[in-house]
Amino acid sequence: MAGKKKRSASSTRWMKEHFDDQYVKEAQKKGLRSRAAFKIEEIQGKDKLLKPGMTVVDLGAAPGGWSQYAVQEVGLDGMVIACDILSMDPIAGVDFLQGDFREEAVLNALLKKVGDTKVDVVMSDMAPNFSGSAAVDQPSSMYLVELAFDMCHQVLAPNGAFVVKVFQGEGFDQYLAEVRKAFKVVKIRKPDSSRARSREVYIVASGYKL
Ligand SMILES: C[S@@+](CC[C@H](N)C(=O)[O-])C[C@H]1O[C@@H](n2cnc3c(N)ncnc32)[C@H](O)[C@@H]1O
C-alpha cells in the first residue's frame, strides 16, 4: 500500500518476541514501566543492596522500571536521582534529569543534584543504540560503563554499591578487574529476566573501598 513502510524481518521478529515475552506481559499486568524492573528485583532479591533511607543514582533510567522499583525500596526517607538521554514520565520521589550522560554538562548537573549527600548505590542500566556492528557497539557500551564507574568515584559513600549492565566482549575483563579493585565484593549476575541470547550481564559490586 502506498505510503506504508514494510517492516524488516528482524523488526517483525523483535515485535513477536517482545509481545510473546512473559516478562513483558507480567510487567504490563503489574503496571511496571518496563520488563527491566524484574532484573533489578532479581538482583535485589539476591544482593539486598537497596534499603530504606538510601540515596540512589539511576543511570539510563527511562522508561523508569528501575527508578520505580528503587523508590519503593528506599521509601520516603530515601532519594532517587535518575538520568536518561530520553524523556521519562515523572515518578513521585524520583528527581529526573534528561540529558546525555556522556556530556560533562550533564554529569555536572547530576552532581549538583546529588550535592553533599553521599550516594549509597549507583546503578546503571545504560545501553547505547546498537548498530549491529560489534566493532562500533562494544566500544560505545564500554564507554558508558566507564563513565558510570567514574561517577562512583565522585559520589559513592564508603561501603557504597554499584550495579552496572555490561556487555561481554572486548574490554569486559579489564573493566571487571578495575571494579574488583574498588569494591570488597563483586559478583556477576545474569537475571532470569535477561534474555539468554543477550551478551548483557550485571556486575554487582558492594563495599566501596577507595
Ligand atoms: C535498557 S534501557 C533502561 C531501562 C530502565 N532501566 C528501566 O528499568 O526502565 C537503557 C537506557 O539507556 C539510555 N541511554 C543510552 N545511552 C545513554 C546516554 N548516553 N545517556 C543517558 N542515557 C542513555 C537509553 O536511552 C535507555 O533508556
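Me: What are the ground rules for numbering and confidence?
Reply: Residues are numbered from 1 along each chain as its sequence is written, and side-chain values use heavy atoms, with hydrogens and water left out. Since the model is predicted, local features need pLDDT of at least 70 and side-chain atom pairs count only at pLDDT 80 or more, while totals for chains, interfaces and linings use all residues.

Me: Why is W66 called buried?
Reply: Buried means under 20% relative accessible area, exposed over 50%, partly exposed in between (1.4 Å probe, protein chains only). W66 has 3% relative accessibility, so W66 counts as buried.

Me: Why does D100 count as buried?
Reply: The relative accessible area of D100 is 15%, so D100 is buried.

Me: Where do W66 and D100 sit?
Reply: Helices (H or I, at least four residues) and strands (E, at least two) are DSSP runs, numbered from the N terminus. W66 is in helix α4, residues 65–74. D100 is in the loop between β3 (94–98) and α5 (104–114).

Me: Which residues is D100 in contact with, leaving aside its neighbours within four places in sequence?
Reply: Contact means heavy atoms within 4.5 Å. On that basis, leaving aside neighbours within four places in sequence, D100 is in contact with I85 and V106. For W66, with neighbours within four places likewise left aside, the contacts include A36, M123, D125 and Y202.

Me: What makes the D100 and R102 pair a polar contact?
Reply: A polar contact is a pair of N or O atoms within 3.5 Å; within protein, one must be able to donate a hydrogen and the other to accept it, and residues adjacent in sequence count only if both atoms are side-chain atoms. The side chains of D100 and R102 make such a contact at 2.6 Å.

Me: Which backbone atoms lie 3.0 Å and 2.9 Å from an oxygen atom of the ligand?
Reply: A backbone N or O atom of G65 lies at 3.0 Å. For W66, a backbone N or O atom lies at 2.9 Å. The protein covers 87% of the 600 Å² of accessible area that the ligand has on its own (Shrake-Rupley method, 1.4 Å probe).

Me: Which residues come nearest to the ligand?
Reply: Near means that a heavy atom of the residue lies within 4 Å. Of the 21 residues around the ligand, S34, W66, D84, D100 and D125 come nearest. UniProt's unreviewed entry lists G64, W66, D84, D100 and D125 under "binding site"; such annotations may be inferred rather than shown by experiment.
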